[in-house]
Amino acid sequence: MPDCIFCKIINKEIPAKIIYEDDRVVAFDDIEPQAPVHVLIIPKEHVATLNDLTEEHTELVGYMTQVAKKLAKELGIDEKGYRVLMNCNRQGGQAVYHIHLHLLGGRQMHWPPG
Ligand code: 5GP
Ligand code: ZN
């Protein structure tokens, strides 16, 4: 998607601190981290929002979760705990319309979220 900043990160048109990449996903540090660990895990396929997921994406989203789990372990936050979430549309707090899992950790998380 030409005007999508996350597609531009995938295509290396804009820089990001990429910590993991394979044929299906890219993971990189959030530019405005909300916790000591704040990684975004995105599919290489452009999907705008959670509402746009179809049954064909079921495996992909499951895989994104597996990558989150793997990175949490590598980043040393798996035992203490962490949060994985996806925002959807404006009231959900979505700012970038290319789906992404937030992986947050390294501090105490609070509930309810703001
Ligand atoms: P959302 O609010 O859509 O769930 O999350 C978007 C996230 O992307 C935000 O946490 C924001 O800081 C991050 N972000 C926005 N633009 C960029 C960018 O150009 N590079 C990186 N690394 N993160 C970005
Ligand atoms: Zn995109």
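How many residues does H2 have, and how far does it reach from its first C-alpha to its last? In this predicted model, H2 has 17 residues and reaches 25 Å between those two atoms, close to the 24 Å expected at 1.5 Å a residue.

**View 1. Helix H2 and the strands it packs against.** The buried residues of H2 are Leu 60, Tyr 63, Met 64, Val 67, Ala 68, Leu 71 and Ala 72. An α-helix has 3.6 residues a turn, so residues three or four places apart point the same way. The buried residues of the helix pack against strand E1 (18–21), strand E2 (25–29), E3, E4 and E5. Just after H2, Gly 76 takes a positive phi of about 75°.

**View 2. Strand E5 and its buried residues.** Strand E5 covers residues 101–105 and is mostly covered, with 5 of its 5 residues buried. Leu 101, Leu 103 and Gly 105 point one way from the strand, while His 102 and Leu 104 point the other way, and all of these residues are buried.

**View 3. The strand partners of E5, namely E3 and E4.** Strand E3 (residues 37–43) is joined to E5 by 5 bridges, and these two strands run antiparallel. Strand E4 (residues 82–85) also pairs with E5 in the antiparallel sense, here over 4 bridges.

**View 4. The zinc ion (ligand 2) and its protein donors.** The donors are Cys 4 through SG, Cys 7 through SG, His 46 through ND1 and His 98 through ND1, and they lie 2.0 to 2.3 Å from the zinc ion. The 4 donor atoms subtend angles of 104 to 115° around the zinc ion, which makes the arrangement tetrahedral. Ideal angles at a metal are 109.5 degrees for four tetrahedral donors. Along the chain, the donors of the zinc ion follow the spacing C-x2-C-x38-H-x51-H.

**View 5. Cys 7 and His 46, a pair that links distant parts of the chain.** Two of the donors of the zinc ion (ligand 2) are Cys 7 and His 46. Cys 7 lies in helix H1 (residues 5–10), whereas His 46 lies in the loop between E3 and helix H2 (58–74), 39 residues apart. Cys 7 has a relative accessible area of 6% and is therefore buried, whereas His 46, with a relative accessible area of 23%, is partly exposed.

Notes:
Residues are numbered from 1 along each chain as its sequence is written. Chains are lettered from A and ligands numbered from 1 in the order in which they are written. This is a predicted model: local features need pLDDT of at least 70, side-chain atom pairs count only at pLDDT 80 or more; totals for chains, interfaces and linings use all residues. Side-chain values use heavy atoms; hydrogens and water are left out. Buried means under 20% relative accessible area, exposed over 50%, partly exposed in between (1.4 Å probe, protein chains only). Two strands pair if DSSP finds at least two bridges between them. Donors are N, O and S atoms within 2.8 Å of the metal (3.2 Å for Na, K and Ca); water is not among the atoms, so sites may look incomplete. Four donors count as tetrahedral if all angles lie between 85 and 135 degrees; four count as square planar and six as octahedral if opposite donors are over 155 degrees apart and all others between 65 and 115; anything else is irregular. The expected span of a helix is 1.5 Å times one less than its number of residues. Contact means heavy atoms within 4.5 Å.
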